[in-house]
Amino acid sequence: MNSKKSVQVGDIFATPLPEDKYGAIKIIEIIDNSYLIEITSYIDKQIPTIESEKIHEVLITELIIGDPKEPLYKWVDGRIPKELIFIGNTPLTKEEQGIESNIYAAGWSKDCALSVYYEWRRQTDPEGFVLEIQKEEEEEALALKNYISKPKKMLEEKVFWGIVSLLDWSKQSDEEIIEPAIKELSTLTAWQIRHFEETLSYKLFLLDTEEHAREIGEYCFSPQGQPFSPDLFLYARCAVVARGKEVFEDVLSNPLKMLKDTEFEILLSLSSEAYHLKMGKEFEYESGCSYETFSNKEGWQNTL
């Protein structure tokens, strides 16, 4: 079990894998509470040592079946899992020092090196591996169909609405309107920016109902087949949230007060722009509740 209290660049950890095997990862970069890890090519039933040759080789694999094989580096967040075993520390190579990655794997888990197990299965039992992946995809599709959306950790209401209140409606362009909010959000931690995105997604999710869609104005939802754009409805919901806490709560409780013929699509980019300003890289995050139109099954139960 991991007993290392602080993680440093160059640290190498053994990770548990299926079939009583072990893999290994190396820390390449640390920013706040985010870690860029290198998945090594080590896989064996023995826990590796710092002398194990394969822990010094990056795994070359494909992220999606059929894609070109590439070295695997990815960002993870949070505390190091207790299941990981500290092996030792080695200085970064020149190649490792220049590594950049836009792959974000969300929270750090004991399965962070699972890719090396998949690559091993692909090589040792290709037919069985394909059948196993197909079965998993079918199970995931069924689970997704029956999935009930539930938000992950969200930002404090006061902080969230404080950021939204910084939208400067005295400006002409959407970019100028949202700029103060982007700057303020970028002063928070990377985790708080994700929590902001979770909060925004959930509030847009709550507004995703047939009753609200019927009240957006000219292109409202109608059972009679009137032209309806799911994207336009999403942008209309963005406009409600952008107008602040009182307007949002008023519209949420009374769909008849939905803002008419207005949208504010750029609100969807607030988190990504703030994250890029702070971290200098792309924002990749999947919220617990999707804000896409028709995601709120309960809100569309008479239609879907």
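Against which helices do the buried residues of H8 pack? They pack against H4, H6, helix H7 (210-213) and H9, where packing rests on contact, meaning heavy atoms within 4.5 Å, and buried means under 20% relative accessible area, with exposed over 50% and partly exposed in between (1.4 Å probe, protein chains only).

The structure is a predicted model, in which local features need pLDDT of at least 70 and side-chain atom pairs count only at pLDDT 80 or more, while totals for chains, interfaces and linings use all residues. Residues are numbered from 1 along each chain as its sequence is written, and side-chain values use heavy atoms, with hydrogens and water left out.

## The protein as a whole

The secondary structure comes to 10 helices and eight strands; helices (H or I, at least four residues) and strands (E, at least two) are DSSP runs, numbered from the N terminus. Taken along the principal axes, the C-alpha atoms fill a box of roughly 70 × 45 × 30 Å. The protein has 304 residues, of which 43% count as buried, and its accessible surface comes to about 16700 Å², with 50% of that belonging to carbon and sulfur atoms; these areas come from the Shrake-Rupley method with a 1.4 Å probe, and for residues only the protein chains shown count as cover. Among the contacts with a separation of 6 or more, 70% are accounted for by residues 24 or more positions apart.

The buried residues of H8 include Phe 233, Leu 234, Tyr 235, Arg 237 and Cys 238. Just after H8, Gly 244 takes a positive phi of about 105 degrees.

Helix H5 (residues 174-185) has 12 residues and reaches 17 Å from its first C-alpha to its last, close to the expected 16 Å. In H5 the buried residues are Ile 177, Ile 178, Ala 181, Ile 182 and Leu 185. Seen down the axis of H5, they fall within an arc of 130 degrees, so they line one face of the helix; the arc is that of the directions from the helix axis to the C-beta atoms. An α-helix has 3.6 residues a turn, so residues three or four places apart point the same way. The cover over the buried residues of H5 includes H4, helix H6 (190-206) and helix H10 (270-279).

## Aromatic rings and charges

A search of the whole structure finds 19 aromatic pairs, where rings of Phe, Tyr and Trp (its six-membered ring) pair if their centres lie within 6.5 Å, with planes under 30 degrees apart counted as stacked, over 60 as edge-to-face and the rest as tilted. The rings of Trp 161 and Phe 248 have centres 5.7 Å apart and planes at 45 degrees, so this pair is tilted. The pair links distant parts of the chain, with Trp 161 in helix H4 (residues 157-164) and Phe 248 in helix H9 (residues 245-253), 87 residues apart. Trp 161 is buried, with a relative accessible area of 8%, and Phe 248 also counts as buried, at 4% relative accessibility.

Ring pairs also link Phe 221, Phe 228, Phe 233, Phe 294 and Trp 300 into a cluster. Charges sit over rings as well, a term used if NZ of Lys or CZ of Arg is within 6 Å of the ring centre and within 35 degrees of the ring normal. Lys 152 lies over the face of Tyr 285, at 5.1 Å from the ring centre, and the charged end of Arg 243 sits over the ring of Trp 169, 3.8 Å from its centre.

## Residues in loops

| Residue | Relative accessibility | Class |
|---|---|---|
| Glu 19 | 42% | partly exposed |
| Asp 20 | 64% | exposed |
| Lys 54 | 41% | partly exposed |

Glu 19 is found in the loop between strand S1 (11-17) and strand S2 (21-31), and Asp 20 is found in the loop between S1 and S2. Phi of Glu 19 is near 60 degrees, a positive value in a residue other than glycine, and phi of Asp 20 is likewise positive, near 60 degrees.

Lys 54 has its place in the loop between strand S3 (34-39) and strand S4 (60-61). Not counting residues up to four places away in sequence, Lys 54 touches Thr 40, Ser 41 and Tyr 42. The C-alpha atoms of Lys 54 and Asp 174, which are 120 residues apart along the chain, are separated by 51 Å.

Definitions and conventions:
Expected span 1.5 Å × (residues − 1).
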